[in-house]
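Please examine the sequence and the structure shown here before reading on.

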Amino acid sequence: MKKSAESIAEGRTAVGVIITIANNKGGVGKTTLTCNLAHALALKGGRSLVVDMDSQCNSTSLLAGDAPFQNSLYDILTIRDLAAKKAIIQTNIKKVDLLPNVSDTAVLEYDLSQNLPDNYAILREKIREYAKTAYQHVLIDTPPNLGFFSLSALFAADFCIVPIAAGSAYSIEGLVKVLAIIEKIQQDGNRDLRFLRLLVNNIDRRTAMGRLIVSELEENFAGRIFSTHIPRSTIFEQAEYSKHTIFESHAASYGAKAYRELATELCGILGNPE
């Protein structure tokens, strides 16, 4: 059984940030981004927490492997007196912890959607205070939609990063929908929430089309797009197949370099460049 991360995080006084990774579209690399960026940020010295809000449990599978755990997001959402820190576990990656999920969480969506907007605040009330003092960066992985779990993640967050798959018009449409949702959530209960940046994912700059896509995005979303782009590469799939981050399996690769650069850029934007 994975050891609780509570004893390690206890007593820390960092003022961290909570970042939700969201797009109303599958296949844009949310889980890949969440787990690899968490590891990259931890390599810079801070502690990272990944919260898996997707009942497909891909972040949990990648970071926890087959190891059993006692509590999960399901329990956090259904047991009133269960503190979030009781469900957080250590991963095999130094300074990266996980609030895992289980597939049974999917059945909660109907019931939790009956008392809105109050139930959107459950995750916020459970994790926000503890996570922001125990971790420098909290990254929330979300389902490929803007249903209850994604909206709950946005209610809990300070910032939102929207990854888009280069060359997919549908993922750009997802960005537009997320921006509209962020504005609505700011009005309805989370004034802390801000759109942070758009991240171009799965880009091949060697092709004329890849260069054209980046140029158009940079023109249309000037000031709202990371200058770091994540390259197209099969090594990400290879790493995930073996349940590793890119730094565990291909640390010297161009993909790992891109994630290091992304972590540095993110820290600069947030005001903690070191």
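## Confidence of the model

The pLDDT is the predictor's confidence in each residue, on a scale from 0 to 100. The model is predicted, so local features need pLDDT of at least 70 and side-chain atom pairs count only at pLDDT 80 or more, while totals for chains, interfaces and linings use all residues. Residues are numbered from 1 along each chain as its sequence is written, and side-chain values use heavy atoms, with hydrogens and water left out.

For the protein chain, the mean pLDDT is 87, and 90% of its residues reach 70 or more. Over residues 6-13, however, the pLDDT is below 50. Where pLDDT is low, the predicted coordinates should not be read in detail.

## Packing of two helices

Helices are DSSP runs (H or I, at least four residues), numbered from the N terminus. Helix α2 (residues 30-43) packs against helix α12 (residues 254-270) at an angle of about 75°, and their axes lie 9 Å apart. Axes are lines fitted to C-alpha atoms over the stretch in contact, and angles run from 0 to 180 degrees between N-to-C directions. Because angles of 65 to 115 degrees count as roughly perpendicular, α2 is described as roughly perpendicular to α12.

In contact (heavy atoms within 4.5 Å), the residues of α2 include Thr32, Leu33 and Asn36, and those of α12 include Tyr259, Arg260 and Leu262.

## The largest pocket

A pocket is an open set of points on a 1 Å grid over the protein atoms alone, where a 1.4 Å probe fits, with protein on both sides within 12 Å along at least five of seven lines; lining residues have an atom within 4 Å of a point. The volume, the space filled by probe spheres set on the points, is about 260 Å³ for the largest pocket. Of its 15 lining residues, the closest to the centre are Gly29, Thr32, Asn201, Asn202 and Phe236. Helix α10 (residues 235-241) gives the most to this lining, with three residues.

Methods:
Angles under 35 degrees count as roughly parallel, over 145 as roughly antiparallel, 65 to 115 as roughly perpendicular and the rest as oblique.
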